[in-house]
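Welcome! Please take a look at the chain below before reading on.

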Amino acid sequence: MDSLSNYSGDSTNESSKHSDLTSSDKNTRIPPIIRKGIHKYYEPIHDGTKVYRYEDNPSEYKKARKRIQNRESACRVRSRKKNYVEEIEVEMDALRNENSELKVKNASLEAENNVLKQRLAMFEKMVKTEDNENQNQNCNYQQSNYNDYDQGYNNNNQ
């Protein structure tokens, strides 16, 4: 029962607290919401010799601002293009240098290749002459053997 009495006591206490809050809220007044217009401060624009103020003519001010933004944007584009062209020129110079180095290397390799071809031709010629000499010696040796055999045959038959 105590738990029930505590529960019921709590609710009466809460309701009294709630009534206290509403009564105190009624005593304090909430100030009304005041809508303030947002006023932007526009800097005057100096375009050449002319000065544009928003307060004087908003449409002219906006046109002048847009012209200046376009001018600045075009300047940024030209700057990016200039940087891009400079990078391409640097890359092109590097490639030209590499190309000239490769041409020199290619010429030296071609010269070395020609020297090696000449040596190969010389060695092939030497091998052919040695083979011819060996064949001649073999032919002479075979001829002498044949002559020896022929002489021996002739001596036996006589």
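## About the model

This is a predicted model, in which local features need pLDDT of at least 70, side-chain atom pairs count only at pLDDT 80 or more, and totals for chains, interfaces and linings use all residues. Residues are numbered from 1 along each chain as its sequence is written, and side-chain values use heavy atoms, with hydrogens and water left out.

## The chain overall

You will find two helices and two strands here, in the order α-β-β-α from the N terminus. Helices (H or I, at least four residues) and strands (E, at least two) are DSSP runs, numbered from the N terminus.

Of the 158 residues, 4% are buried (under 20% relative accessible area; exposed is over 50%, partly exposed in between, with a 1.4 Å probe and protein chains only). The accessible surface comes to about 15,200 Å², and carbon and sulfur atoms hold 52% of that surface. Areas come from the Shrake-Rupley method with a 1.4 Å probe; for residues, only the protein chains shown count as cover.

## Two surface patches

Patches are made of residues with over 30% relative accessible area and no salt bridge; like charges are joined within 9 Å, nonpolar side chains (Val, Leu, Ile, Met, Phe, Trp, Tyr) within 5 Å. A salt bridge is a side-chain nitrogen of Lys or Arg within 4 Å of a carboxyl oxygen of Asp or Glu.

Tyr84, Val85 and Ile88 make a nonpolar patch of about 280 Å². Val85 sits in helix H2 (residues 58-157) and is partly exposed, at 37% relative accessible area.

Glu86, Glu87, Glu89, Glu91 and Asp93 form a negative patch. Asp and Glu count as negative, Lys and Arg as positive, while His and the chain ends are not counted; a charge is placed at NZ of Lys, CZ of Arg, CG of Asp or CD of Glu. Glu91 belongs to helix H2 and is partly exposed, with 47% relative accessibility.
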